[in-house]
Amino acid sequence: MSTPKTPDIETPSIEDRLYTNKYTDHEESHLGVFEEQTCLDCETYDCVSVCPANVWRDEGDGDVPFIAYENCLECGSCRWACPYDNVIWENPPNGTGMTYRYG
């Protein structure tokens, strides 16, 4: 099975650039939380609001945010935004994770 060719675009938009990113799944999340109760007590959900890839999602059920790690751009914003330092963020194992076409 061949990979579809990405069209050449002279001035790609941010959406065009995000579309060309490739994530190699290692089948285990590199993201998590240290203490679930800390998330349950959190009122700001900063991890959700700063994530540019919608990885951290508030499902509206008052629970710990859902983490769609396979969409992670590995920017680390969630880790820095959490006011309680409650985010587990590890580098994906070698050969997995995000590959950027445009760097």
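These questions and answers go through a predicted model of one chain.

Residues are numbered from 1 along each chain as its sequence is written. Local features need pLDDT of at least 70 and side-chain atom pairs pLDDT 80 or more, while totals for chains, interfaces and linings use all residues, and side-chain values use heavy atoms, without hydrogens or water.

User: In what order do the elements of the chain run from the N terminus on?
Analyst: Helices (H or I, at least four residues) and strands (E, at least two) are DSSP runs, numbered from the N terminus. The chain has four helices and six strands. Their order is α-β-β-α-α-β-β-α-β-β.

User: What percentage of the 103 residues count as buried?
Analyst: Buried means under 20% relative accessible area, exposed over 50%, and partly exposed in between (1.4 Å probe, protein chains only). By that cut-off, the buried share of the 103 residues is 32%.

User: Which residues does Trp56 contact, leaving aside neighbours within four places in sequence?
Analyst: Contact means heavy atoms within 4.5 Å. Trp56 is among the residues with the most contacts inside the largest core. Its partners are Leu31, Gly32, Val33, Cys47, Val48, Cys51, Pro65, Phe66, Ile67, Cys78 and Val87.

User: Is Asn86 buried or exposed?
Analyst: Asn86 sits in the loop between α4 (77-81) and β5. Its relative accessible area is 4%, so Asn86 is buried.

User: Which backbone nitrogen does the side chain of Asn86 reach?
Analyst: Leaving aside neighbours within four places in sequence, Asn86 contacts Gly32, Val33, Phe34, Glu35, Thr38 and Cys39. At 2.9 Å, the side chain reaches the backbone nitrogen of Glu35.

User: How far apart in space are Glu28 and Glu70, C-alpha to C-alpha?
Analyst: Glu28 lies in the loop between β1 (22-24) and β2. Glu28 counts as exposed because its relative accessibility is 59%. Glu28 and Glu70 are 42 residues apart in sequence, and their C-alpha separation is 9.2 Å.

User: What separates the C-alpha atoms of Glu36 and Asp63?
Analyst: Glu36 belongs to helix α2 (residues 36-41). At 51% relative accessibility, Glu36 is exposed. Glu36 and Asp63 are 27 residues apart along the chain, with their C-alpha atoms separated by 8.5 Å.

Definitions and conventions:
A nonpolar core is a set of buried Ala, Val, Leu, Ile, Met, Phe, Trp, Tyr and Cys residues joined through side-chain atoms within 4.5 Å. A polar contact is a pair of N or O atoms within 3.5 Å; within protein, one must be able to donate a hydrogen and the other to accept it, and residues adjacent in sequence count only if both atoms are side-chain atoms.
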